[in-house]
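Here is a friendly briefing to read with the structure open beside you. It begins with the annotated sites and then moves out to the strands.

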Amino acid sequence: MNGFACKSSTTVQADDFSLTGLHIPGNTRNAVGAAVTAVTVTQITGLNTLGISMGRIDFAPWGINPPHTHPRTSEILTVIDGSLEVGFITPDNRLISKTLQKGDVFVFPVGLVHYQRNIGNMNAVTISGLNSQNPGVITIGNAVFDSKPDISTDILAKAFQVNKNIVQQIKGKF
């Protein structure tokens, strides 16, 4: 029904319901300075049909989890360490943002574009809960500038009201 096969009760094992290693920081040595460790039905088959998942996000100093959306879930984020700026865009293009500290919680409504940014000089860590076993993620920059096949440079230049050379330069980053 959701693309994932159910196991028969005779083949289910404890390992279908567990994952080890979430305490290990993700590699933030990348262009955005963040790493997401997903815990979805792909990693824990026992999540199939349960309607929940989670993730750990590690941030280098000033690292970001770029603007993205989850088409099938709302998200609740808890700051475990560090301080973050978080925000989402409402359907009428209003930014709702807040600075969070260790122990603070923030909710991102289903389907809305949102982001997180470490605003400190130390690493930051969050844990997110999601109300889908397979929330999906669409990172806006990747979707627009790295689609296969490509969106026409003419279309993107007009949409973003910039020169075609700028669009080509941005596409080159992805």
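**Sites and strands in a predicted model**

The side chains of His68 and His70 are joined by a polar contact of 3.4 Å (a pair of N or O atoms within 3.5 Å; within protein, one must be able to donate a hydrogen and the other to accept it, and residues adjacent in sequence count only if both atoms are side-chain atoms). This is a predicted model, in which local features need pLDDT of at least 70 and side-chain atom pairs count only at pLDDT 80 or more, while totals for chains, interfaces and linings use all residues. Residues are numbered from 1 along each chain as its sequence is written, and side-chain values use heavy atoms, with hydrogens and water left out.

**What the record lists**

- UniProt, in an unreviewed entry, gives "domain: Cupin type-1" for residues 20–168; UniProt positions are in the numbering used here, feature names are shortened, and annotations may be inferred rather than shown by experiment.
- A "binding site" feature from the unreviewed UniProt entry covers His68, His70, Glu75 and His114. These residues are spread over 47 residues of sequence, yet they cluster in space, with a largest C-alpha distance of 11.9 Å.
- From this set, His68, His70 and Glu75 belong to the lining of the largest pocket. A pocket is an open set of points on a 1 Å grid over the protein atoms alone, where a 1.4 Å probe fits, with protein on both sides within 12 Å along at least five of seven lines; lining residues have an atom within 4 Å of a point.
- UniProt also lists Asn65, His70 and Glu75 as "binding site" in the unreviewed entry, and the lining of the largest pocket takes in Asn65, His70 and Glu75.

**The site residues up close**

- His68 is found in strand E3 (residues 64–69); strands (E, at least two residues) are DSSP runs, numbered from the N terminus.
- His68 is buried at a relative accessible area of 3%, where buried means under 20% (1.4 Å probe, protein chains only).
- His70 lies in the loop between E3 and E4 and is buried, at 9% relative accessible area.
- Contacts of His70 (heavy atoms within 4.5 Å), not counting residues up to four places away in sequence, include Glu75, His114 and Leu130.
- Glu75 sits in strand E4 and is buried, with a relative accessible area of 4%.

**The open sheet**

- Five strands make an open sheet in the order E1-E2-E9-E4-E7, with antiparallel pairing; two strands pair if DSSP finds at least two bridges between them.
- Strand E1 (34–39) and strand E7 (105–108) are the edge strands, each pairing on one side only.
- Strand E4 (residues 75–81) pairs with strand E9 (residues 124–130) in the antiparallel sense over six bridges, and Leu130 in E9 is the bridge partner of Glu75.

**Strand E5 and its partners**

- Strand E5 (residues 83–89) is mostly covered, with five of its seven residues buried.
- E5 pairs with strand E6 (residues 95–101) in the antiparallel sense over seven bridges, and with strand E8 (residues 114–118) in the antiparallel sense over five bridges.
- Leu84 stands opposite Leu100 in E6 and opposite Asn118 in E8.
- E5 and E6 form a hairpin with five residues between them, and Asn93 in the turn has a positive phi of about 65°.

Notes:
Helices (H or I, at least four residues) and strands (E, at least two) are DSSP runs, numbered from the N terminus. Buried means under 20% relative accessible area, exposed over 50%, partly exposed in between (1.4 Å probe, protein chains only).
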